[in-house]
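Work through the exercises below with the sequence and the model open. Each task sentence is followed by a solution in steps.

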Amino acid sequence: MTQRQDDKPNNKQKPEILSADIVAQSRLFKIEQLELQFSNGVQRTYERMRGGGRGAVMIIACPDDEHFYLVREYCAGTHDYQLGFPKGLIDPGEDAIAAANRELKEEIGFGARRFIQLKSLALAPGYFNATMHIVLALDLYAESLAGDEPEPLELVSWSRQQSQSLLQQEDFTEARSVAALFLAQQYLEANPDVFKQTA
């Protein structure tokens with residue numbers, strides 16, 4: 001039975017991990033099996049994908065106060081091309097901002113002088129411990145770095161006033177990009193003077 005709680009952070013006691021074993025592994029993923037005991041004595045077996053622990057970034061890059069940049073790239077999971085915001089893993093020794101600037105240079109050929117961290121999102125927390133940091137990038141300048149993409153990404157400029165039409169695009173389906181769009185729009189509407197500021 002579900003118990004109703006207020007909106008305060010939950011301070012429940014976490015279950016005790018009795019054992020944790022890697023049960024499957026590929027070049028990209030590790031599947032970990034957890035034997036857990038909850039505070040009421042109930043024991044359960046859970047499986048989760050174990051991430052690298054560094055997290056990733058997704059960047060809403062605004063060349064001006066009316067537009068943002070998207071990229072269209074191949075996605076193996078759905079075997080098609082998807083429209084979304086630039087993104088990538090945080091490399092060892094980087095923080096989210098350094099990773100965001102590097103990924104921008106690799107994926108769209110721009111760096112940024114100002115970054116605003118909007119929110120860190122969990123990705124399917126029931127079975128995956130990865131975090132995606134959503135970052136707004138402003139004051140762009142041209143600079144490119146070589147990336148690891150197998151083919152050039154298609155750069156797409158989109159009007160902020162046409163965000164609703166973006167949601168109707170057949171190839172704009174990634175939940176992280178949809179969440180990033182709403183977070184960016186909410187922030188920019190609440191902070192209209194952000195484009196007048198300088199680094």
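The model is predicted: local features need pLDDT of at least 70, side-chain atom pairs count only at pLDDT 80 or more, and totals for chains, interfaces and linings use all residues. Residues are numbered from 1 along each chain as its sequence is written, and side-chain values use heavy atoms, with hydrogens and water left out.

**Exercise 1. How many disulfides does the structure hold, and is Cys 62 buried or exposed?**

Step 1. A disulfide is a pair of cysteine sulfur atoms within 2.5 Å. The structure holds zero of these.

Step 2. Buried means under 20% relative accessible area, exposed over 50%, and partly exposed in between, with a 1.4 Å probe and protein chains only. Cys 62 has 2% relative accessibility and is therefore buried. Cys 75, at 23%, is partly exposed.

**Exercise 2. Which parts of the chain does the salt bridge between Lys 105 and Glu 143 tie together?**

Step 1. A salt bridge is a side-chain nitrogen of Lys or Arg within 4 Å of a carboxyl oxygen of Asp or Glu. For Lys 105 and Glu 143 the N to O distance is 3.4 Å.

Step 2. Helices (H or I, at least four residues) and strands (E, at least two) are DSSP runs, numbered from the N terminus. Lys 105 belongs to helix H1 (residues 96-107), and Glu 143 to the loop between strand S9 (131-142) and strand S10 (154-159), so the bridge joins parts 38 residues apart in sequence.

Step 3. Lys 105 is buried at 12% relative accessible area, while Glu 143 is partly exposed at 33%.

**Exercise 3. Describe the salt bridge between Asp 139 and Arg 114.**

Step 1. The closest N and O atoms of Asp 139 and Arg 114 are 2.9 Å apart. Asp 139 is in strand S9 and Arg 114 in strand S8 (residues 110-122), so this pair ties together parts that are 25 residues apart in sequence.

Step 2. Arg 114 is buried, with a relative accessible area of 11%; Asp 139 is partly exposed, with 24%.

**Exercise 4. How many salt bridges does a search of the whole structure find?**

Step 1. The search finds 13 salt bridges. One further pair is Glu 174 and Arg 176, with N to O at 2.3 Å. Glu 174 is buried at 18%, and Arg 176 is partly exposed at 25%.

Step 2. Salt bridges also link Asp 91, Glu 94, Arg 102, Glu 103 and Glu 106 in a network.

**Exercise 5. Check the span of H1 and state what its buried residues pack against.**

Step 1. The expected span of a helix is 1.5 Å times one less than its number of residues. For the twelve residues of H1 this gives 16 Å, and the end C-alpha atoms are 16 Å apart, which agrees.

Step 2. Ten of the twelve residues of H1 are buried, among them Ala 96, Ala 99, Ala 100 and Leu 104. Contact means heavy atoms within 4.5 Å. The buried residues pack against strand S4 (56-64), strand S5 (67-75), strand S7 (87-89), S8 and S9.

Step 3. At the start of H1, a side-chain oxygen of Asp 95 comes within 3.2 Å of the backbone nitrogen of Ile 97. After H1 comes Gly 109, with a positive phi near 75 degrees.

**Exercise 6. Which residues does Gln 185 touch, not counting residues up to four places away in sequence?**

Step 1. Gln 185 lies in helix H3 (residues 175-190) and is buried at 13% relative accessibility.

Step 2. With those sequence neighbours left out, Gln 185 touches Arg 160 and Ser 163.

How values were computed
A polar contact is a pair of N or O atoms within 3.5 Å; within protein, one must be able to donate a hydrogen and the other to accept it, and residues adjacent in sequence count only if both atoms are side-chain atoms.
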